[in-house]
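Welcome! Let us take a walk through this protein together, starting with one simple idea and building up from there.

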Amino acid sequence: MRRPFHSAGLRQTEDELELHAAPVEAATADTAQHEKLARVNLAAMYRLVEQSGWGEGIFNHISMRVPGSPREFLIKPHELGYAEVTASNLVRVSMDDDLDERSGVNRPGFVLHSTILKARSDVNCALHVHVPEVVAVGALRRGLRMYCQAALRFYEQLGYHPYEGLTESLEEGPRMMKALGRNGVALLLRNHGAVTVSETAWGAFSLMRYLVSACKIQLQIEGAGGEAVEISQGACESARKQLSSHNTGRAGADWPAWLRRLDAVDPTYRF
Ligand SMILES: [Zn+2]
């Protein structure tokens with residue numbers, strides 16, 4: 001069952017930002033503040049992706065639904081590198097338009113992200129990368145194997161979409177969404193890259209960290225040439241339940257630490 005839409009806004013204290021998912025119907029007087037905090041979070045994600053070595057010049061993209069305006073999302077201007085993104089220079093676009101690059105956003109980025117955010121009302125943030133290890137695993141016929149705990153995050157929640165060229169046509173959207181499914185948390189775009197989706201910026205970033213780690217581990221294991229041991233189906237299912245309660249209790253606890261890490265290097269993403 002789909003969860004209702006929640007805003008991706010954050011509650012800001014003097015010293016840190018906390019994850020805060022407010023019901024969208026409550027986002028009235030607080031809408032401007034929620035959008036500001038969503039912008040800070042999204043700008044932070046661009047900076048963290050760059051710091052993680054997942055950036056690709058000005059290309060690829062991360063999106064965030066606008067709190068209180070569920071048919072709009074935020075994305076970086078096409079011409080900016082990830083380290084140049086700030087809360088205020090993110091572009092707000094309507095997912096119901098058919099934007100081309102004269103609007104200042106990357107056309108494949110607009111198509112990919114508007115498709116996901118339109119189809120999945122439970123998703124507020126989507127992160128797309130071309131990390132080589134992830135592309136490599138996505139090109140393996142059997143895809144991601146359950147070799148490690150990081151891979152367990154995607155047990156029965158990972159879709160595969162065959163390569164059709166640059167994601168410039170809205171007609172590809174339904175096929176991508178069929179592959180992601182109603183409950184999928186990540187999509188391997190074969191021969192291309194990956195997308196992680198979440199209700200929060202923290203969630204999409206964390207999922208990508210796990211996905212990159214799991215893909216690196218898989219390639220190391222398979223490259224070693226020995227007989228690999230996969231986690232059993234029973235253990236996968238029981239671990240999934242454990243992870244679910246873990247996420248409920250401590251979800252996002254590390255996000256302020258990631259922001260402090262950014263602040264120590266360059267806090268300009270906040271402005
Ligand atoms: Zn791409």
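Two residues are in contact if their C-beta atoms, placed from the backbone, lie within 7 Å. With that in hand, look at L127: leaving aside residues up to four places away in sequence, L127 touches M45, I62, V195, T196, A204, F205 and M208.

Before going further, a word on what you are looking at. This is a predicted model, in which local features need pLDDT of at least 70 and side-chain atom pairs count only at pLDDT 80 or more, while totals for chains, interfaces and linings use all residues. Residues are numbered from 1 along each chain as its sequence is written. The score pLDDT is the predictor's confidence in each residue, from 0 to 100. Its mean for the protein chain is 87, and 87% of the residues reach 70 or more. Please treat the start with care: pLDDT stays under 50 over residues 1-27.

Now for the overall make-up. Helices (H or I, at least four residues) and strands (E, at least two) are DSSP runs, numbered from the N terminus. The protein chain has eight helices and nine strands.

Seven strands form an open sheet with mixed pairing, in the order β5-β4-β3-β6-β9-β8-β7. Here two strands pair if DSSP finds at least two bridges between them. At the edges are β5 and β7 (158-161), each pairing on one side only.

Next, β4 (residues 69-75) pairs with β3 (residues 61-66) in the antiparallel sense over three bridges, and F73 in β4 is the bridge partner of R65. The hairpin of β3 and β4 has two residues between the strands, and G68 in this hairpin takes a positive phi near 85 degrees. On we go to β6 (residues 125-129), which pairs with β3 in the antiparallel sense over four bridges. Here we meet L127 again, as the bridge partner of I62.

What lies in the interior? A residue is buried if 20 or more other C-beta atoms lie within 10 Å of its own, and buried residues make up 40% of the 271 residues in the protein chain. A nonpolar core is a set of buried Ala, Val, Leu, Ile, Met, Phe, Trp, Tyr and Cys residues joined through C-beta atoms within 7 Å. The largest such core has 65 residues, and those with the most contacts inside it are L42, M45, L127, V195 and L211.

Notes:
A residue is buried if 20 or more other C-beta atoms lie within 10 Å of its own, exposed if 12 or fewer, and partly exposed in between; C-beta atoms are placed from the backbone.
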